[in-house]
Amino acid sequence: MEEINLLNKAKEIEELAQKAEYKLNSPYVTSNIYGFGKHLKEYGFFLDSLPICIYMDHGITFADKIPPHEINNDAPSMFKFSPRLVKIYKSVSTKPCYTLPSPYVFFRKKRKITISVHAEGTVVFPAHSTPDVDNLTNWEEYVRELNQLPVEYKPLTICLHETDIKKGLHKFFLSKGFEVKTAGAIMDTRFTERFYDILRQHKYSISNLIGSYAFYSVEMGIQFTLYGKGPAYFNRNDPNIEKGNYTSYETDTYNYAKVLFSGFQYKITSEQKKFVEYELGLTEGIGRVKTALLLYKSFFIYWKRNRSVH
């Protein structure tokens, strides 16, 4: 019976990771991924029927240089969350680039999503892989680390990325007795809703890598802790980063974040809050009206250019 239950749970998780029934239709993948585009349209008063013709960040990044795909695209303009990255972008490209407040935060506040009164335990976000970058972490060792967490952090819920589910990692964690969840297919516009529904049910969030989830946790008042041995990334085929062992994400900004979030966190510090709000574009981001003007302007530039080609 237990084996059947595990198989059923695994199947439910796999179905969520595979189905993207509600998609956007934009020419740039970064405007489609993780539900960002859906909430950007609402923030910028943009018609739902029109494609977003702006290239944008698809998450928080600690990079100190701009990857090729953000430069080598034909989008009329660029949106980035961190003012730090906008400055770097403008130093290497003439494409107009603007600081956009993360659409996730706009969505959360507009929908009045807060921590549940029944919140308990910790949501764990293991550092995720990509189709081109494998995570060679010793997962048995990682589970031993999780089991050593203080009692106040338990129970634990593992939240997995679509890519790792497709690689079967959910089955491993289920076999170890963990509750496993996912926000679903990354191209599904319902990703954001699922993400916050998982997050709000917990008092703490933890990962062995500081990622976007850390920022969205802290922004809504959930303490984030960097815990456990970092990922063992190996890049097989991503042209935007070094081949083989991938460690270049450990920039000065990342190391600063490590100082902020290492050690068990039981309250959100003023330094953490300031850092999170800055990197999410909340302190210097453009407003809704300017966003609307840029969205429509970029659409008409893209439409006119492609119309003339045909």
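Mentor: Buried means under 20% relative accessible area, exposed means over 50%, and partly exposed is what lies in between, computed with a 1.4 Å probe on protein chains only. The structure is a predicted model, in which local features need pLDDT of at least 70 and side-chain atom pairs count only at pLDDT 80 or more, while totals for chains, interfaces and linings use all residues. Residues are numbered from 1 along each chain as its sequence is written, and side-chain values use heavy atoms, with hydrogens and water left out.

Trainee: What is the relative accessible area of T99?
Mentor: Helices (H or I, at least four residues) and strands (E, at least two) are DSSP runs numbered from the N terminus, and T99 is found in strand β3 (residues 97–99). Taking contact as heavy atoms within 4.5 Å, and leaving aside neighbours within four places in sequence, T99 is in contact with K80, F81, P83, V86, G281, E284, G285 and I286. T99 is classed as buried because its relative accessible area is 10%.

Trainee: At what angle do the planes of the rings of F36 and F81 lie?
Mentor: Rings of Phe, Tyr and Trp (its six-membered ring) pair if their centres lie within 6.5 Å, and planes under 30 degrees apart count as stacked, over 60 as edge-to-face and the rest as tilted. The structure holds 37 aromatic pairs. In the pair of F36 and F81, the ring centres are 5.5 Å apart and the pair is tilted, because the planes lie at 45°.

Trainee: How many residues apart are F36 and F81?
Mentor: This pair links distant parts of the chain, with F36 in helix α2 (residues 36–43) and F81 in the loop between β2 (78–80) and α4 (83–92). Both F36 and F81 are buried.

Trainee: What is the relative accessibility of Y213?
Mentor: F36, F81, Y104, F107, F125, F195, Y196, Y213, Y216, F224 and F261 form one aromatic cluster. F125 counts as buried at 5% relative accessibility. Y213 also counts as buried, because its relative accessibility is 11%.

Trainee: How many nonpolar residues does the contact of α9 with α10 have?
Mentor: Axes are lines fitted to C-alpha atoms, for helices over the stretch in contact, with angles running from 0 to 180 degrees between N-to-C directions; helix α9 (residues 191–199) and α10 pack at an angle of about 65°, with their axes 11 Å apart. The contact is made by F195, Y196 and L199 of α9 and by Y213, Y216 and S217 of α10. Here Ala, Val, Leu, Ile, Met, Phe, Trp, Tyr, Cys and Pro count as nonpolar, Asp, Glu, Lys and Arg as charged, and the others, Gly among them, as polar. The contact of α9 with α10 has no charged residues and 1 polar residue, and its nonpolar residues number 5.

Trainee: How many charged residues does the contact of α10 with α12 have?
Mentor: The axes of α10 and helix α12 (residues 270–279) come within 10 Å and cross at roughly 115°. Their contact is made by F215, V218 and E219 of α10 and by F275, V276 and E279 of α12. By class, this contact has 4 nonpolar residues and no polar ones, and its charged residues number 2.

Trainee: How far away is the cysteine sulfur nearest to C97?
Mentor: A disulfide is a pair of cysteine sulfur atoms within 2.5 Å, and by this rule the count comes to 0 disulfides. C97 is in no disulfide, and its nearest cysteine sulfur belongs to C53, at a distance of 17 Å.

Trainee: What distance separates the C-alpha atoms of A292 and L47?
Mentor: A292 lies in helix α13 (residues 288–309) and counts as buried, because its relative accessibility is 11%. Not counting residues up to four places away in sequence, A292 touches G44 and F45. A292 and L47 are 245 residues apart along the chain, and their C-alpha atoms are separated by 9.8 Å.
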